[in-house]
Amino acid sequence: MAGSDEELTLLGVVGSPFLHRVQIALKLKGIEYKYVEDDLNNKSDLLLKYNPVYKMIPVLIHNDNPISESLVIVEYIDDTWKHNPILPSDPYQRALARFWAKFIDDKCVAPAWKSAFIVDEKEKEKAVEELFEALGFLENELKGKFFGGDEIGFVDIAGVFIPIVQEIAGLQLFSSEKFPRLYKWSQDFHNHPLVNEVLPPKHQLFAYFKARAQSLAAKRKT
(Lines give C-alpha, C1' and ligand atoms only; values in the text may rest on other atoms or scores of the structure.)
Protein backbone atom coordinates (compact mmCIF):
# COMPACT_ATOMS: atom_id res chain seq x y z
CA MET A 1 0.00 0.00 0.00
CA ALA A 2 1.14 3.55 -0.65
CA GLY A 3 1.59 5.34 2.65
CA SER A 4 -1.05 7.78 3.85
CA ASP A 5 1.46 10.62 3.46
CA GLU A 6 2.19 9.69 -0.17
CA GLU A 7 0.43 11.13 -3.19
CA LEU A 8 0.07 8.83 -6.18
CA THR A 9 -1.75 9.93 -9.35
CA LEU A 10 -2.02 8.11 -12.66
CA LEU A 11 -2.85 9.95 -15.89
CA GLY A 12 -4.30 7.79 -18.64
CA VAL A 13 -6.95 7.06 -21.25
CA VAL A 14 -9.23 4.08 -20.69
CA GLY A 15 -8.63 1.43 -23.32
CA SER A 16 -4.92 2.14 -23.71
CA PRO A 17 -2.91 -1.08 -23.22
CA PHE A 18 -0.01 1.07 -22.02
CA LEU A 19 -2.18 2.47 -19.24
CA HIS A 20 -3.42 -1.01 -18.37
CA ARG A 21 0.17 -2.26 -18.01
CA VAL A 22 0.61 0.22 -15.17
CA GLN A 23 -2.77 -0.52 -13.64
CA ILE A 24 -2.01 -4.26 -13.57
CA ALA A 25 1.30 -3.55 -11.80
CA LEU A 26 -0.42 -1.33 -9.22
CA LYS A 27 -3.12 -3.95 -8.70
CA LEU A 28 -0.49 -6.67 -8.20
CA LYS A 29 1.07 -4.53 -5.50
CA GLY A 30 -2.26 -3.58 -3.92
CA ILE A 31 -1.42 0.12 -4.20
CA GLU A 32 -4.14 2.75 -4.07
CA TYR A 33 -3.90 5.76 -6.36
CA LYS A 34 -5.91 8.57 -7.89
CA TYR A 35 -6.78 8.05 -11.55
CA VAL A 36 -7.19 11.06 -13.88
CA GLU A 37 -8.64 10.47 -17.35
CA ASP A 38 -7.06 12.51 -20.14
CA ASP A 39 -8.03 13.22 -23.75
CA LEU A 40 -5.35 12.67 -26.38
CA ASN A 41 -7.24 14.90 -28.82
CA ASN A 42 -7.31 17.72 -26.27
CA LYS A 43 -4.41 17.09 -23.93
CA SER A 44 -4.74 18.46 -20.44
CA ASP A 45 -2.44 21.02 -18.87
CA LEU A 46 -1.60 18.35 -16.30
CA LEU A 47 -0.33 15.95 -18.98
CA LEU A 48 1.65 18.67 -20.76
CA LYS A 49 3.16 19.75 -17.46
CA TYR A 50 4.24 16.30 -16.32
CA ASN A 51 5.21 14.81 -19.70
CA PRO A 52 6.35 17.77 -21.82
CA VAL A 53 8.74 15.60 -23.87
CA TYR A 54 6.37 12.98 -25.34
CA LYS A 55 3.03 14.48 -24.25
CA MET A 56 1.61 10.94 -23.97
CA ILE A 57 -0.04 8.77 -21.35
CA PRO A 58 0.48 6.99 -19.06
CA VAL A 59 2.18 9.21 -16.51
CA LEU A 60 2.57 8.24 -12.86
CA ILE A 61 3.02 11.14 -10.46
CA HIS A 62 4.49 10.08 -7.11
CA ASN A 63 4.78 12.90 -4.58
CA ASP A 64 4.89 15.39 -7.48
CA ASN A 65 7.64 13.43 -9.27
CA PRO A 66 6.46 12.32 -12.75
CA ILE A 67 7.46 9.04 -14.41
CA SER A 68 6.45 8.33 -18.00
CA GLU A 69 6.66 5.38 -20.44
CA SER A 70 4.66 2.35 -19.31
CA LEU A 71 7.46 -0.19 -18.78
CA VAL A 72 9.62 2.41 -17.02
CA ILE A 73 6.69 3.07 -14.71
CA VAL A 74 6.20 -0.66 -14.02
CA GLU A 75 9.88 -0.97 -13.06
CA TYR A 76 9.58 2.10 -10.83
CA ILE A 77 6.58 0.58 -9.07
CA ASP A 78 8.48 -2.67 -8.54
CA ASP A 79 11.54 -0.84 -7.19
CA THR A 80 9.51 1.39 -4.88
CA TRP A 81 7.17 -1.19 -3.40
CA LYS A 82 9.11 -4.40 -2.85
CA HIS A 83 6.27 -6.79 -1.95
CA ASN A 84 4.77 -9.05 -4.63
CA PRO A 85 7.78 -8.64 -6.94
CA ILE A 86 7.15 -8.23 -10.66
CA LEU A 87 10.73 -8.64 -11.89
CA PRO A 88 12.88 -11.65 -10.88
CA SER A 89 15.46 -11.19 -8.12
CA ASP A 90 18.24 -12.91 -10.09
CA PRO A 91 20.18 -10.31 -12.16
CA TYR A 92 20.36 -12.51 -15.26
CA GLN A 93 16.65 -13.33 -15.14
CA ARG A 94 15.87 -9.63 -14.65
CA ALA A 95 17.95 -8.81 -17.73
CA LEU A 96 16.10 -11.47 -19.74
CA ALA A 97 12.73 -10.10 -18.63
CA ARG A 98 13.74 -6.60 -19.74
CA PHE A 99 14.97 -7.99 -23.06
CA TRP A 100 11.71 -9.76 -23.86
CA ALA A 101 9.59 -6.84 -22.71
CA LYS A 102 11.54 -4.55 -25.06
CA PHE A 103 11.20 -7.19 -27.79
CA ILE A 104 7.42 -7.01 -27.42
CA ASP A 105 7.48 -3.22 -27.76
CA ASP A 106 9.93 -3.26 -30.68
CA LYS A 107 8.68 -6.27 -32.65
CA CYS A 108 5.05 -6.95 -31.68
CA VAL A 109 3.21 -3.73 -30.90
CA ALA A 110 3.42 -2.00 -34.30
CA PRO A 111 2.75 -5.13 -36.42
CA ALA A 112 -0.18 -6.11 -34.18
CA TRP A 113 -1.64 -2.63 -34.56
CA LYS A 114 -1.19 -2.65 -38.35
CA SER A 115 -2.59 -6.19 -38.63
CA ALA A 116 -5.77 -5.03 -36.94
CA PHE A 117 -6.37 -1.57 -38.35
CA ILE A 118 -4.39 -0.79 -41.48
CA VAL A 119 -6.45 -0.67 -44.69
CA ASP A 120 -3.78 -1.31 -47.32
CA GLU A 121 -3.78 -5.07 -47.93
CA LYS A 122 -0.08 -5.31 -48.85
CA GLU A 123 0.96 -3.44 -45.70
CA LYS A 124 -1.42 -5.57 -43.64
CA GLU A 125 0.03 -8.78 -45.10
CA LYS A 126 3.58 -7.62 -44.35
CA ALA A 127 2.58 -6.70 -40.80
CA VAL A 128 1.03 -10.12 -40.20
CA GLU A 129 4.23 -11.81 -41.43
CA GLU A 130 6.35 -9.66 -39.10
CA LEU A 131 4.02 -10.35 -36.20
CA PHE A 132 4.00 -14.12 -36.74
CA GLU A 133 7.79 -14.16 -36.86
CA ALA A 134 7.95 -12.28 -33.55
CA LEU A 135 5.29 -14.48 -31.96
CA GLY A 136 7.36 -17.53 -32.91
CA PHE A 137 10.20 -16.27 -30.72
CA LEU A 138 7.80 -15.66 -27.83
CA GLU A 139 6.26 -19.10 -28.28
CA ASN A 140 9.70 -20.68 -27.81
CA GLU A 141 10.48 -18.46 -24.81
CA LEU A 142 7.29 -19.31 -22.91
CA LYS A 143 8.16 -22.19 -20.59
CA GLY A 144 5.41 -22.10 -17.93
CA LYS A 145 1.87 -20.88 -17.41
CA PHE A 146 3.12 -17.29 -17.58
CA PHE A 147 6.37 -15.75 -18.73
CA GLY A 148 6.93 -15.01 -15.05
CA GLY A 149 6.42 -18.69 -14.12
CA ASP A 150 3.34 -19.56 -12.08
CA GLU A 151 2.52 -15.91 -11.48
CA ILE A 152 2.15 -12.86 -13.73
CA GLY A 153 5.46 -11.04 -14.21
CA PHE A 154 7.10 -8.23 -16.16
CA VAL A 155 6.95 -9.84 -19.61
CA ASP A 156 3.31 -10.84 -19.15
CA ILE A 157 2.42 -7.25 -18.28
CA ALA A 158 4.34 -6.01 -21.32
CA GLY A 159 2.42 -8.46 -23.50
CA VAL A 160 -1.06 -7.27 -22.48
CA PHE A 161 -1.24 -5.43 -25.81
CA ILE A 162 -1.46 -8.61 -27.90
CA PRO A 163 -4.50 -10.32 -26.32
CA ILE A 164 -6.28 -6.96 -26.31
CA VAL A 165 -5.74 -6.49 -30.05
CA GLN A 166 -6.91 -10.04 -30.69
CA GLU A 167 -10.00 -9.45 -28.56
CA ILE A 168 -11.16 -6.18 -30.08
CA ALA A 169 -10.21 -6.83 -33.68
CA GLY A 170 -11.42 -10.41 -33.79
CA LEU A 171 -8.04 -11.51 -35.13
CA GLN A 172 -6.73 -15.01 -34.59
CA LEU A 173 -3.21 -13.88 -33.71
CA PHE A 174 -2.97 -16.91 -31.50
CA SER A 175 -4.37 -20.25 -32.52
CA SER A 176 -4.02 -23.48 -30.59
CA GLU A 177 -2.52 -25.02 -33.73
CA LYS A 178 0.02 -22.36 -34.71
CA PHE A 179 1.06 -21.06 -31.28
CA PRO A 180 -0.29 -23.53 -28.66
CA ARG A 181 1.70 -22.11 -25.72
CA LEU A 182 0.87 -18.49 -26.52
CA TYR A 183 -2.75 -19.38 -27.12
CA LYS A 184 -3.06 -20.94 -23.66
CA TRP A 185 -1.10 -18.03 -22.14
CA SER A 186 -3.44 -15.49 -23.73
CA GLN A 187 -6.46 -17.33 -22.28
CA ASP A 188 -4.93 -17.68 -18.81
CA PHE A 189 -3.72 -14.08 -18.77
CA HIS A 190 -6.88 -12.49 -20.13
CA ASN A 191 -9.06 -14.51 -17.73
CA HIS A 192 -6.88 -13.92 -14.66
CA PRO A 193 -9.09 -12.32 -11.96
CA LEU A 194 -6.62 -9.47 -11.41
CA VAL A 195 -6.40 -8.66 -15.11
CA ASN A 196 -10.18 -8.87 -15.42
CA GLU A 197 -10.50 -6.27 -12.67
CA VAL A 198 -8.26 -3.87 -14.59
CA LEU A 199 -9.30 -4.25 -18.22
CA PRO A 200 -12.39 -2.27 -19.26
CA PRO A 201 -15.29 -3.76 -21.27
CA LYS A 202 -14.67 -4.61 -24.91
CA HIS A 203 -16.62 -1.59 -26.19
CA GLN A 204 -14.31 0.81 -24.31
CA LEU A 205 -11.23 -0.95 -25.66
CA PHE A 206 -12.69 -0.76 -29.16
CA ALA A 207 -13.50 2.94 -28.77
CA TYR A 208 -9.90 3.71 -27.78
CA PHE A 209 -8.38 1.78 -30.68
CA LYS A 210 -10.85 3.19 -33.19
CA ALA A 211 -10.07 6.73 -32.07
CA ARG A 212 -6.31 6.12 -32.26
CA ALA A 213 -6.60 4.53 -35.70
CA GLN A 214 -8.66 7.46 -36.99
CA SER A 215 -6.18 9.94 -35.52
CA LEU A 216 -3.22 8.20 -37.14
CA ALA A 217 -5.05 7.94 -40.48
CA ALA A 218 -5.79 11.67 -40.39
CA LYS A 219 -2.12 12.45 -39.70
CA ARG A 220 -1.02 10.29 -42.64
CA LYS A 221 -3.25 12.30 -44.98
CA THR A 222 -1.76 15.64 -43.94
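A salt bridge here is a side-chain nitrogen of Lys or Arg within 4 Å of a carboxyl oxygen of Asp or Glu. Lys-184 and Asp-188 meet this rule, with their closest N and O atoms 2.8 Å apart. The two residues are separated by about one helical turn because they stand four residues apart in helix 8; helices (H or I, at least four residues) and strands (E, at least two) are DSSP runs, numbered from the N terminus.

The structure is a predicted model, in which local features need pLDDT of at least 70 and side-chain atom pairs count only at pLDDT 80 or more, while totals for chains, interfaces and linings use all residues. Residues are numbered from 1 along each chain as its sequence is written, and side-chain values use heavy atoms, with hydrogens and water left out.

In total the structure holds seven salt bridges. One of them joins the side chains of Lys-29 and Asp-78, at 2.7 Å from N to O. This pair links distant parts of the chain, since Lys-29 belongs to helix 1 (residues 17–29) and Asp-78 to helix 3 (residues 70–80), 49 residues apart. Lys-29 counts as buried because its relative accessibility is 3%; buried means under 20% relative accessible area, exposed over 50%, and partly exposed in between (1.4 Å probe, protein chains only). Asp-78, at 6%, also counts as buried.

Glu-75 is buried, with a relative accessible area of 18%, whereas Arg-98 counts as partly exposed at 34%.

Next come the aromatic rings. A pair of aromatic rings is described by the distance of the centres and the angle of the planes. Rings of Phe, Tyr and Trp (its six-membered ring) pair if their centres lie within 6.5 Å; planes under 30 degrees apart count as stacked, over 60 as edge-to-face and the rest as tilted. By this rule there are seven aromatic pairs. One is formed by Trp-100 and Phe-103, edge-to-face, with 5.1 Å centre to centre and 70° between the planes. Both residues lie in helix 4 (residues 91–117), three residues apart, about one turn of the helix. Trp-100 counts as buried at 12% relative accessibility, and Phe-103 is buried at 13%.

Phe-147 and Trp-185 form an edge-to-face pair, 5.6 Å centre to centre and with 70° between the planes. Phe-147 sits in the loop between helix 5 (121–141) and helix 6 (154–158), and Trp-185 in helix 8 (residues 180–190), so the pair ties together parts that are 38 residues apart in sequence. Trp-185 is buried, with a relative accessible area of 2%. Ring pairs also link Phe-99, Trp-100, Phe-103 and Phe-137 into a cluster.

An unreviewed UniProt entry places the feature "domain: GST N-terminal" at residues 6–85. UniProt positions are given in the numbering used here, feature names are shortened, and annotations may be inferred rather than shown by experiment. Over residues 6–85 the chain is 38% helix and 21% strand, and the end C-alpha atoms are 20 Å apart.

Which residue's C-alpha atom is separated by 7.3 Å from that of Leu-205? The residue is Ser-16, 189 residues away along the chain. Leu-205 itself lies in helix 10 (residues 202–221) and counts as buried because its relative accessibility is 2%.
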